[in-house]
Amino acid sequence: MSYYLLKETMQPCQAHDLDSRGSLQYVAVLTTPQWQSERDRFDMGIELEPDAGNIHSTKAEVNYDSLTGTFQIPDREHLRERVSCFAFALDEKGVVFIDDSGEAQRMIETIRRTKRWREPSLERFLYDFLELIVDRDLSIMERYEAELSGIEDAILSSQEQGNLARVYEIRSDIRTLLVHYEQIIDMTQELEENENGFFSEDNLRYIHLFMNLMARRHDTAASLRDYTMQVRDLHNAQMEVRQNRTMTLLTVIATIFMPLTLIAGWYGMNFRYMPEFEWKLGYPVVIAVSVLIVVFCLVYFRKKKWL
(Lines give C-alpha, C1' and ligand atoms only; values in the text may rest on other atoms or scores of the structure.)
Protein backbone atom coordinates (compact mmCIF):
# COMPACT_ATOMS: atom_id res chain seq x y z
CA MET A 1 0.00 0.00 0.00
CA SER A 2 1.13 3.57 -0.72
CA TYR A 3 0.05 6.89 0.79
CA TYR A 4 0.76 10.41 -0.43
CA LEU A 5 -0.02 13.91 0.78
CA LEU A 6 -0.78 16.56 -1.83
CA LYS A 7 1.75 19.29 -1.23
CA GLU A 8 3.86 21.16 -3.77
CA THR A 9 4.68 17.68 -4.97
CA MET A 10 3.19 14.36 -3.95
CA GLN A 11 4.86 13.46 -0.67
CA PRO A 12 4.96 9.77 0.29
CA CYS A 13 3.82 9.18 3.85
CA GLN A 14 2.71 6.47 6.23
CA ALA A 15 -0.86 5.49 7.01
CA HIS A 16 -0.73 7.08 10.46
CA ASP A 17 0.31 10.40 8.89
CA LEU A 18 -3.16 10.71 7.43
CA ASP A 19 -4.58 11.19 10.92
CA SER A 20 -2.47 14.33 11.47
CA ARG A 21 -2.50 15.73 7.94
CA GLY A 22 -4.59 18.77 8.86
CA SER A 23 -6.16 20.36 5.76
CA LEU A 24 -3.93 18.49 3.33
CA GLN A 25 -5.62 16.11 0.92
CA TYR A 26 -4.27 12.64 0.25
CA VAL A 27 -3.94 9.92 -2.36
CA ALA A 28 -3.80 6.25 -1.39
CA VAL A 29 -3.18 3.11 -3.43
CA LEU A 30 -4.25 -0.24 -1.97
CA THR A 31 -4.82 -3.75 -3.22
CA THR A 32 -8.23 -5.34 -2.74
CA PRO A 33 -7.25 -7.23 0.46
CA GLN A 34 -5.60 -4.07 1.86
CA TRP A 35 -8.73 -2.03 1.15
CA GLN A 36 -10.89 -4.59 2.90
CA SER A 37 -8.76 -4.31 6.03
CA GLU A 38 -8.10 -0.54 5.91
CA ARG A 39 -11.29 1.00 4.52
CA ASP A 40 -12.54 2.10 7.95
CA ARG A 41 -9.54 4.42 8.17
CA PHE A 42 -10.93 6.52 5.28
CA ASP A 43 -14.44 6.85 6.73
CA MET A 44 -16.19 7.06 3.35
CA GLY A 45 -19.26 5.17 4.48
CA ILE A 46 -19.24 2.72 1.59
CA GLU A 47 -18.90 -0.99 1.16
CA LEU A 48 -16.82 -0.98 -1.99
CA GLU A 49 -15.85 -4.49 -3.00
CA PRO A 50 -13.93 -4.09 -6.25
CA ASP A 51 -13.28 -7.15 -8.36
CA ALA A 52 -10.92 -6.60 -11.29
CA GLY A 53 -12.52 -9.50 -13.10
CA ASN A 54 -15.90 -7.75 -13.05
CA ILE A 55 -14.73 -4.31 -14.19
CA HIS A 56 -15.97 -3.79 -17.72
CA SER A 57 -15.97 -0.03 -18.16
CA THR A 58 -14.77 3.34 -16.93
CA LYS A 59 -17.48 5.00 -14.90
CA ALA A 60 -18.29 6.95 -11.74
CA GLU A 61 -21.21 6.72 -9.33
CA VAL A 62 -22.30 9.32 -6.81
CA ASN A 63 -23.00 8.00 -3.31
CA TYR A 64 -24.38 9.80 -0.28
CA ASP A 65 -21.00 10.88 1.11
CA SER A 66 -18.51 9.62 -1.49
CA LEU A 67 -17.93 9.11 -5.19
CA THR A 68 -16.87 5.71 -6.42
CA GLY A 69 -16.05 4.24 -9.79
CA THR A 70 -13.87 2.03 -11.93
CA PHE A 71 -11.28 2.42 -14.66
CA GLN A 72 -10.76 0.10 -17.60
CA ILE A 73 -7.74 1.41 -19.48
CA PRO A 74 -6.74 -0.23 -22.79
CA ASP A 75 -3.05 -0.91 -23.31
CA ARG A 76 -2.00 1.61 -25.95
CA GLU A 77 0.40 -0.89 -27.50
CA HIS A 78 -2.26 -3.61 -27.74
CA LEU A 79 -5.58 -1.79 -27.88
CA ARG A 80 -7.59 -4.86 -28.86
CA GLU A 81 -5.96 -7.26 -26.43
CA ARG A 82 -5.00 -6.01 -22.97
CA VAL A 83 -6.59 -3.67 -20.45
CA SER A 84 -5.78 -2.54 -16.91
CA CYS A 85 -8.60 -2.37 -14.40
CA PHE A 86 -8.86 -0.73 -10.99
CA ALA A 87 -11.41 1.03 -8.80
CA PHE A 88 -11.44 4.27 -6.85
CA ALA A 89 -13.31 6.06 -4.11
CA LEU A 90 -13.02 9.75 -3.22
CA ASP A 91 -14.48 12.45 -1.03
CA GLU A 92 -13.40 15.95 -0.10
CA LYS A 93 -10.45 14.58 1.92
CA GLY A 94 -8.77 12.58 -0.82
CA VAL A 95 -8.94 9.64 -3.20
CA VAL A 96 -8.23 5.94 -2.72
CA PHE A 97 -7.33 3.67 -5.62
CA ILE A 98 -8.02 -0.04 -5.22
CA ASP A 99 -5.57 -1.51 -7.69
CA ASP A 100 -4.48 -5.10 -8.19
CA SER A 101 -2.97 -4.43 -11.62
CA GLY A 102 -0.28 -1.95 -10.58
CA GLU A 103 -1.37 0.54 -13.26
CA ALA A 104 -2.68 3.18 -10.86
CA GLN A 105 0.51 2.94 -8.80
CA ARG A 106 2.65 3.40 -11.92
CA MET A 107 0.68 6.47 -13.00
CA ILE A 108 0.84 8.04 -9.56
CA GLU A 109 4.59 7.50 -9.39
CA THR A 110 4.90 9.22 -12.78
CA ILE A 111 2.97 12.22 -11.45
CA ARG A 112 5.08 12.28 -8.30
CA ARG A 113 8.29 12.41 -10.34
CA THR A 114 7.19 14.90 -12.99
CA LYS A 115 4.63 17.29 -11.46
CA ARG A 116 5.08 20.25 -9.17
CA TRP A 117 2.10 22.42 -8.21
CA ARG A 118 1.79 26.01 -7.06
CA GLU A 119 -1.68 25.32 -5.71
CA PRO A 120 -1.92 21.63 -4.85
CA SER A 121 -5.41 20.22 -4.68
CA LEU A 122 -7.33 17.03 -5.29
CA GLU A 123 -8.81 18.52 -8.45
CA ARG A 124 -5.35 19.33 -9.83
CA PHE A 125 -4.18 15.80 -9.09
CA LEU A 126 -7.25 14.31 -10.80
CA TYR A 127 -6.59 16.44 -13.88
CA ASP A 128 -2.99 15.19 -14.09
CA PHE A 129 -4.07 11.61 -13.44
CA LEU A 130 -6.79 11.62 -16.09
CA GLU A 131 -4.60 13.50 -18.56
CA LEU A 132 -1.89 10.87 -18.13
CA ILE A 133 -4.34 8.19 -19.32
CA VAL A 134 -4.70 9.85 -22.75
CA ASP A 135 -1.30 11.54 -22.89
CA ARG A 136 0.12 9.28 -25.65
CA ASP A 137 -3.04 9.03 -27.72
CA LEU A 138 -2.35 12.02 -29.96
CA SER A 139 0.97 10.58 -31.14
CA ILE A 140 -0.69 7.17 -31.65
CA MET A 141 -3.39 8.72 -33.82
CA GLU A 142 -0.80 10.71 -35.77
CA ARG A 143 1.05 7.46 -36.45
CA TYR A 144 -2.17 5.82 -37.60
CA GLU A 145 -2.95 8.79 -39.85
CA ALA A 146 0.50 8.59 -41.47
CA GLU A 147 0.04 4.86 -41.98
CA LEU A 148 -3.38 5.37 -43.57
CA SER A 149 -1.95 8.09 -45.80
CA GLY A 150 0.71 5.64 -47.02
CA ILE A 151 -1.92 3.01 -47.76
CA GLU A 152 -4.00 5.62 -49.60
CA ASP A 153 -1.01 6.65 -51.73
CA ALA A 154 -0.32 3.01 -52.59
CA ILE A 155 -3.93 2.54 -53.69
CA LEU A 156 -3.92 5.70 -55.82
CA SER A 157 -0.59 4.85 -57.45
CA SER A 158 -2.14 1.58 -58.69
CA GLN A 159 1.10 -0.16 -57.77
CA GLU A 160 -0.68 -2.37 -55.28
CA GLN A 161 -4.11 -2.89 -53.84
CA GLY A 162 -3.23 -1.49 -50.42
CA ASN A 163 -3.25 -3.32 -47.10
CA LEU A 164 -6.99 -3.31 -46.41
CA ALA A 165 -6.56 -5.74 -43.50
CA ARG A 166 -4.37 -3.16 -41.76
CA VAL A 167 -7.03 -0.49 -42.37
CA TYR A 168 -9.55 -2.67 -40.54
CA GLU A 169 -7.10 -3.19 -37.67
CA ILE A 170 -6.61 0.57 -37.32
CA ARG A 171 -10.36 1.11 -37.46
CA SER A 172 -10.84 -1.45 -34.68
CA ASP A 173 -8.20 0.30 -32.54
CA ILE A 174 -9.84 3.68 -33.11
CA ARG A 175 -13.23 2.24 -32.21
CA THR A 176 -11.73 0.96 -28.95
CA LEU A 177 -10.36 4.44 -28.22
CA LEU A 178 -13.70 6.07 -29.01
CA VAL A 179 -15.57 3.80 -26.62
CA HIS A 180 -12.92 4.49 -23.99
CA TYR A 181 -13.20 8.25 -24.55
CA GLU A 182 -16.98 8.21 -24.30
CA GLN A 183 -16.78 6.40 -20.98
CA ILE A 184 -14.18 8.85 -19.66
CA ILE A 185 -16.34 11.78 -20.79
CA ASP A 186 -19.34 10.31 -18.95
CA MET A 187 -17.24 9.84 -15.83
CA THR A 188 -15.85 13.39 -16.08
CA GLN A 189 -19.38 14.75 -16.34
CA GLU A 190 -20.17 13.08 -13.02
CA LEU A 191 -17.14 14.80 -11.51
CA GLU A 192 -18.12 18.09 -13.10
CA GLU A 193 -21.60 17.93 -11.59
CA ASN A 194 -19.96 18.03 -8.13
CA GLU A 195 -23.19 16.82 -6.59
CA ASN A 196 -21.68 16.21 -3.16
CA GLY A 197 -19.64 19.43 -3.17
CA PHE A 198 -16.31 17.60 -2.86
CA PHE A 199 -14.59 20.04 -5.23
CA SER A 200 -14.22 23.78 -4.75
CA GLU A 201 -15.84 25.98 -7.37
CA ASP A 202 -12.49 27.61 -8.18
CA ASN A 203 -10.81 24.27 -8.78
CA LEU A 204 -13.60 22.90 -10.95
CA ARG A 205 -11.83 24.63 -13.82
CA TYR A 206 -9.44 21.66 -13.92
CA ILE A 207 -12.39 19.33 -14.56
CA HIS A 208 -13.64 21.70 -17.28
CA LEU A 209 -10.18 21.75 -18.87
CA PHE A 210 -10.03 17.98 -18.97
CA MET A 211 -13.54 17.80 -20.43
CA ASN A 212 -12.44 20.12 -23.24
CA LEU A 213 -9.32 18.00 -23.78
CA MET A 214 -11.41 14.85 -24.06
CA ALA A 215 -13.79 16.52 -26.51
CA ARG A 216 -10.82 17.33 -28.77
CA ARG A 217 -9.41 13.81 -28.45
CA HIS A 218 -12.81 12.34 -29.27
CA ASP A 219 -13.18 14.57 -32.34
CA THR A 220 -9.71 13.60 -33.54
CA ALA A 221 -10.44 9.90 -33.12
CA ALA A 222 -13.81 10.26 -34.86
CA SER A 223 -12.14 12.03 -37.80
CA LEU A 224 -9.54 9.26 -38.02
CA ARG A 225 -12.29 6.62 -37.97
CA ASP A 226 -13.95 8.43 -40.89
CA TYR A 227 -10.58 8.46 -42.66
CA THR A 228 -10.36 4.66 -42.39
CA MET A 229 -13.78 4.44 -44.03
CA GLN A 230 -12.64 6.76 -46.82
CA VAL A 231 -9.55 4.62 -47.44
CA ARG A 232 -11.74 1.51 -47.48
CA ASP A 233 -14.14 3.13 -49.97
CA LEU A 234 -11.18 4.27 -52.10
CA HIS A 235 -9.83 0.72 -52.13
CA ASN A 236 -13.21 -0.64 -53.20
CA ALA A 237 -13.53 2.06 -55.88
CA GLN A 238 -10.07 1.23 -57.24
CA MET A 239 -10.95 -2.45 -57.30
CA GLU A 240 -14.09 -1.63 -59.28
CA VAL A 241 -12.02 0.48 -61.69
CA ARG A 242 -9.61 -2.41 -62.23
CA GLN A 243 -12.50 -4.81 -62.73
CA ASN A 244 -14.11 -2.41 -65.20
CA ARG A 245 -10.83 -2.15 -67.12
CA THR A 246 -10.59 -5.92 -67.27
CA MET A 247 -14.18 -6.21 -68.44
CA THR A 248 -13.57 -3.49 -71.04
CA LEU A 249 -10.52 -5.32 -72.36
CA LEU A 250 -12.43 -8.60 -72.56
CA THR A 251 -15.31 -6.84 -74.32
CA VAL A 252 -12.93 -5.27 -76.86
CA ILE A 253 -11.29 -8.63 -77.56
CA ALA A 254 -14.69 -10.27 -77.97
CA THR A 255 -15.84 -7.46 -80.28
CA ILE A 256 -12.73 -7.79 -82.47
CA PHE A 257 -13.18 -11.54 -82.82
CA MET A 258 -16.92 -11.42 -83.52
CA PRO A 259 -16.56 -10.55 -87.26
CA LEU A 260 -13.66 -12.99 -87.52
CA THR A 261 -15.85 -15.66 -86.00
CA LEU A 262 -18.58 -14.75 -88.49
CA ILE A 263 -16.17 -15.15 -91.41
CA ALA A 264 -14.89 -18.46 -90.03
CA GLY A 265 -18.41 -19.68 -89.51
CA TRP A 266 -19.50 -18.49 -92.96
CA TYR A 267 -16.79 -20.31 -94.78
CA GLY A 268 -17.01 -23.28 -92.49
CA MET A 269 -20.49 -24.16 -93.81
CA ASN A 270 -18.93 -26.01 -96.77
CA PHE A 271 -21.72 -25.48 -99.26
CA ARG A 272 -20.92 -27.18 -102.56
CA TYR A 273 -21.23 -24.16 -104.86
CA MET A 274 -19.49 -21.46 -102.78
CA PRO A 275 -17.36 -19.73 -105.47
CA GLU A 276 -14.54 -18.75 -103.09
CA PHE A 277 -13.61 -22.42 -102.70
CA GLU A 278 -12.38 -22.47 -106.28
CA TRP A 279 -10.83 -18.99 -106.24
CA LYS A 280 -7.03 -19.02 -106.07
CA LEU A 281 -6.87 -15.71 -104.14
CA GLY A 282 -9.68 -16.62 -101.75
CA TYR A 283 -7.45 -17.62 -98.84
CA PRO A 284 -5.16 -14.53 -98.99
CA VAL A 285 -8.17 -12.24 -99.39
CA VAL A 286 -9.86 -13.68 -96.31
CA ILE A 287 -6.62 -13.21 -94.33
CA ALA A 288 -6.31 -9.62 -95.55
CA VAL A 289 -9.92 -8.83 -94.72
CA SER A 290 -9.49 -10.32 -91.25
CA VAL A 291 -6.35 -8.23 -90.63
CA LEU A 292 -8.12 -5.08 -91.85
CA ILE A 293 -11.03 -5.77 -89.52
CA VAL A 294 -8.67 -6.17 -86.53
CA VAL A 295 -6.74 -2.98 -87.41
CA PHE A 296 -9.96 -1.02 -87.94
CA CYS A 297 -11.36 -2.17 -84.57
CA LEU A 298 -8.12 -1.32 -82.73
CA VAL A 299 -7.96 2.15 -84.27
CA TYR A 300 -11.64 2.77 -83.56
CA PHE A 301 -11.48 1.60 -79.94
CA ARG A 302 -8.34 3.63 -79.26
CA LYS A 303 -9.98 6.72 -80.75
CA LYS A 304 -12.91 6.15 -78.42
CA LYS A 305 -10.39 5.69 -75.54
CA TRP A 306 -11.66 2.23 -74.77
CA LEU A 307 -8.09 0.94 -74.90
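**Before you start**

This is a predicted model: local features need pLDDT of at least 70, side-chain atom pairs count only at pLDDT 80 or more, and totals for chains, interfaces and linings use all residues. Residues are numbered from 1 along each chain as its sequence is written, and side-chain values use heavy atoms, with hydrogens and water left out.

**Stop 1: the whole chain**

Show the cartoon. Seven helices and seven strands make up the secondary structure. Helices (H or I, at least four residues) and strands (E, at least two) are DSSP runs, numbered from the N terminus. Along the sequence the pattern reads β-β-β-α-β-β-β-β-α-α-α-α-α-α. The radius of gyration is 36 Å, well over the 19 Å that the globule rule gives for 307 residues, so the protein is more spread out than a compact globule. That radius is taken over C-alpha atoms, and the rule is 2.2 Å times the number of residues to the power 0.38.

Orient the view along the principal axes. The C-alpha atoms fill a box of roughly 125 × 35 × 30 Å. Now colour by accessibility. Of the 307 residues, 43% count as buried. Buried means under 20% relative accessible area, exposed over 50%, and partly exposed in between (1.4 Å probe, protein chains only). Among contacts with a separation of 6 or more, 62% join residues 24 or more positions apart.

**Stop 2: the largest pocket**

Select P74, R76, E103, R106 and R136. Of the 13 residues that line the largest pocket, these are the closest to its centre. The pocket holds about 310 Å³ of space. β5 (67-75), β6, α2 (103-114) and α3 each supply at least two lining residues. By class, the lining has five nonpolar, one polar and seven charged residues.

On a 1 Å grid over the protein atoms alone, a cavity is a set of points where a 1.4 Å probe fits but cannot get out, and a pocket is an open set with protein on both sides within 12 Å along at least five of seven lines; lining residues have an atom within 4 Å of a point. Grid points are joined across faces, edges and corners, and a volume is the space filled by probe spheres set on the points. Ala, Val, Leu, Ile, Met, Phe, Trp, Tyr, Cys and Pro count as nonpolar, Asp, Glu, Lys and Arg as charged, and the others, Gly among them, as polar.

**Stop 3: the cavities**

The structure holds three cavities of 30 Å³ or more. For the largest, select F71, F88, L90, V95, F97, L126, F129, L130, M187 and L191. Two or more lining residues come from each of β6 (78-91), β7 (94-98), α3 (122-133) and α5 (164-193). The largest share, three residues, comes from α3. The volume of this cavity is about 70 Å³. Its lining has 10 nonpolar, no polar and no charged residues.

Next, select V62, L67, E190, L191, N194, E195, N196, G197, F198 and F199. They line the second largest cavity, which has about 50 Å³ of space. Five of these residues are nonpolar, three polar and two charged.

**Stop 4: N194**

Stay with N194. It sits in the loop between α5 and α6 (204-267). N194 is buried, with a relative accessible area of 12%. Its phi is near 50°, a positive value in a residue other than glycine. Most residues other than glycine have a negative phi.

**Stop 5: L79**

Move to L79, in strand β6. L79 counts as buried, at 6% relative accessibility. Leaving out residues up to four places away in sequence, L79 touches P74, Y144, D173, T176 and L177. Now draw a distance to N63, 16 residues apart from L79 along the chain: the C-alpha atoms are separated by 32 Å.

**Stop 6: H16**

Select H16, in the loop between β2 (10-13) and β3 (26-30). Is H16 buried or exposed? H16 is exposed, with a relative accessible area of 54%. Its C-alpha atom is separated by 9.7 Å from that of Y3, 13 residues apart along the chain.

**Stop 7: the cysteines**

Finish with C85 and C297. C85 is buried, with a relative accessible area of 11%. C297 is buried, also at 11%. The structure holds zero disulfides (a disulfide is a pair of cysteine sulfur atoms within 2.5 Å).

Definitions and conventions
Contact = heavy atoms within 4.5 Å.
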